[in-house]
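I opened a new notebook page for this structure. My plan is to look up a few features one by one and write down what each search returns.

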Amino acid sequence: MQTTDTHEPAPRPVIEKRSPVTGELLGTFPITTPEEVDAAVRRAREAFPTWRDTGLDDRLRMLARIKDVVRTHGEEYARRISEDTGKPLVDSLLTELMSIPLFIDHYRRTAKKTLGRHRVPTPILFPGKASYVEHFPLGVVGVISPWNFPFQLSMVPVLSALIAGNTVVLKPSEVTPITGEIVDEIFRRIGLPRGVVEVIQGDGSTGAALTRAAVDKIFFTGSVATGRKVMAEAAKRPIPVELELGGKDAMIVCADANLVRAARAAAWGGLVNCGQMCTSVERIFVVDAVHDRFVAMLEKEVRAMRVGGPDEHADMGPLTFPPQLATVERHVEAARADGARIVTGGARLDRPGQFYAPTLLVDVTPQMEIYREETFGPVLPVVRVADEDEAIRLANDHQYGLNGSVWTEDVDRGLALASRLECGQVMVNDLVAIVGNPALPFGGVKNSGFGRYHGPEGLLSFTHQKAIMVDRGWLDFEPFWFPYAGKYDAMSQVFHGLLGGNLPKALYAMTKLRSLTKR
Ligand code: NDP
């Protein structure tokens, strides 16, 4: 009996991108299948030897074309990033686009020194030899990026890997595919050879496929839960991973702080990008002596916030990721039930889109979910502390350790407190800006992840180190090679001479070894 197959091929799965401001459908984006992920990795692998051998100067010159593209199309990109995320246009320009030319300029000045071969000391035990360290690229790097700063957090790791000589496969977040498209466009516009950067749009399944594909490293930015999965997958091969995860940044307001500046900073540091920032101020410790004054000032700042879509000249937009609204609501409601007081905000806004009111909470305690978990929303939880010691103790007693800030008129004391915080970055009398300085390493401790981007580490982490030692032919013998017969006494003198700090004795003993070494 003959059968006819009446099944149509399954429709290709797509991402449906909706506006965070209005909820309307903005477009659909095909999801890259696991087979296509493997093909992208193969293209990146094929492109690798040529890109590696292009040489650092030429690589940097080609990548510097991005500056022109960003300058020419910056306003358009800012509009599209804001459409994708809902963030104000000012944020798209400042926190997404502007950082990239600065980043490229920094590495044009410093990459040669960082990646070039450099000489290191050689112990006197090895006379006539010189030692060097150099670096070579890993191969194909998989970059998986989140939706909160979808441009910057894609571009920075991709560029770092490229500068170091790797080719890259980037998986942007399904939540922000429009920005993924911009990143793809930029690399096409600068005319990189095929396969040097492959952008694969898709969802979690695409990210998972990338972690299983034949890449040599995964650079992951996102949540702790997904970071664990990425690491577990990488452990099977094993390949290195770098995890840039969440945060619950502490802001410590001392009694002698400039309270006006600190209150304005708290509002910006906690509400910029609608609080969807790994470096958001998520715990504000205020010493008892100035607590009430500080809260009154902060309340004024929060109430003055203008909320709306990017074309409404707002300070703050909607949440980008729809489920994030539920997390914010849950944290605030639970905090209220557990005894926190909502000074202002504390509810969704009555309008379409994913808007939540800028919210100030006081009487927050370490037992509350809003204190223990990352909220990633427009909420400022204030914790009253007796003094700075209590603030430091509480700040450190936490699962996260990404950033922190200390506010005091006494900068030396501020630096001393900064040194006591267990986290990757600390600012004194400022916040967030630290991530904008590409010379400073950036990354977390504890559940905030490990590894550093920016700074020399940000390039070196995309390389293997190679140690090289050269014998320059100064000696006509090798004191430690065979034969060993009769060498023990002289060796013992070398041993005691070196360990006892008597170098002449050690050197004299080595000349004795010479006659014993010659066959
Ligand atoms: P997620 O962990 O949900 O997603 C991050 C990326 O991983 C996305 O591209 C996602 O794809 C992808 N992904 C999902 N499932 C898998 C999987 N099984 N294997 C591989 N990749 C997968 O994080 P968010 O996008 O929600 O980002 C917010 C988090 O990122 C917050 O915790 C924030 O603090 C943190 N973050 C950390 C920063 C840092 O520098 N330390 C900076 C910025 C954010 P898809 O979205 O398509 O599902």
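**Entry 1: cysteines.** I count a disulfide as a pair of cysteine sulfur atoms within 2.5 Å. With that rule I searched the whole structure and found zero disulfides. C274 counts as buried because its relative accessibility is 2%. C278 has a relative accessible area of 16%, so C278 is buried too.

**Entry 2: ground rules.** This is a predicted model, so I note that local features need pLDDT of at least 70 and side-chain atom pairs count only at pLDDT 80 or more, while totals for chains, interfaces and linings use all residues. Residues are numbered from 1 along each chain as its sequence is written, and side-chain values use heavy atoms, with hydrogens and water left out.

**Entry 3: strand β5.** Helices (H or I, at least four residues) and strands (E, at least two) are DSSP runs, numbered from the N terminus. I picked β5, residues 140–144, and found five of its five residues buried. In a regular strand the side chains alternate between the two faces of the sheet. Which residues of β5 lie on each side? V140, G142 and I144 are on one side, V141 and V143 on the other, and all are buried.

Next I checked the neighbours of β5. I call two strands paired if DSSP finds at least two bridges between them. β5 and β6 (residues 167–171) run parallel, joined by five bridges. In β6, L170 stands opposite V143. From β5 the chain passes through helix α6 (residues 152–163) to β6, in a right-handed β-α-β crossover. Right-handed here means that, with the strands pointing away from the viewer, the path from the first strand over the helix to the second runs clockwise.

β5 also has four bridges to β8 (residues 217–221), again parallel. There, V143 stands opposite F219.

**Entry 4: strand β16.** I repeated the check on β16, residues 403–407. Five of its five residues are buried. N403, S405 and W407 cover one side, G404 and V406 the other. β10 (residues 249–253) runs parallel to β16, with four bridges between them. One partner pair is V253 and W407. β17 (residues 425–428) also pairs with β16 in the parallel sense, over four bridges. V406 has V428 in β17 as its bridge partner. With helix α15 (residues 411–420), β16 and β17 make a right-handed β-α-β unit.

**Entry 5: salt bridges.** My rule is a side-chain nitrogen of Lys or Arg within 4 Å of a carboxyl oxygen of Asp or Glu. The count comes to 37 salt bridges. I wrote down three of them.

- E36 bridges to R12, with the closest N and O atoms 2.7 Å apart. E36 sits in helix α1 (residues 34–53) and R12 in the segment before β1 (14–18), 24 residues apart. E36 is partly exposed because its relative accessibility is 30%. R12 is partly exposed as well, at 43%.
- D184 and R188 meet at 3.2 Å, N to O. They are four residues apart in helix α7 (residues 177–189), so about one helical turn separates them. R188 has a relative accessible area of 62% and is therefore exposed.
- E242 and K217 meet at 2.5 Å, N to O. E242 lies in β9 (residues 241–244) and K217 in β8, so the pair ties together parts that are 25 residues apart in sequence. Buried or exposed? Both E242 and K217 are buried.

I also noted a network: salt bridges that share partners join E76, R80, E181, E185 and R189.

**Entry 6: a surface patch.** Patches take residues with over 30% relative accessible area and no salt bridge, joining like charges within 9 Å and nonpolar side chains (Val, Leu, Ile, Met, Phe, Trp, Tyr) within 5 Å. Areas come from the Shrake-Rupley method with a 1.4 Å probe; for residues, only the protein chains shown count as cover. V90, L94, M98, L102 and W268 form a nonpolar patch on the surface, with about 490 Å² of accessible area together. L94 is in helix α4 (residues 89–97). L94 counts as partly exposed because its relative accessibility is 40%.

Definitions and conventions
Buried < 20%, exposed > 50% of the residue type's maximum accessible area, 1.4 Å probe, protein only.
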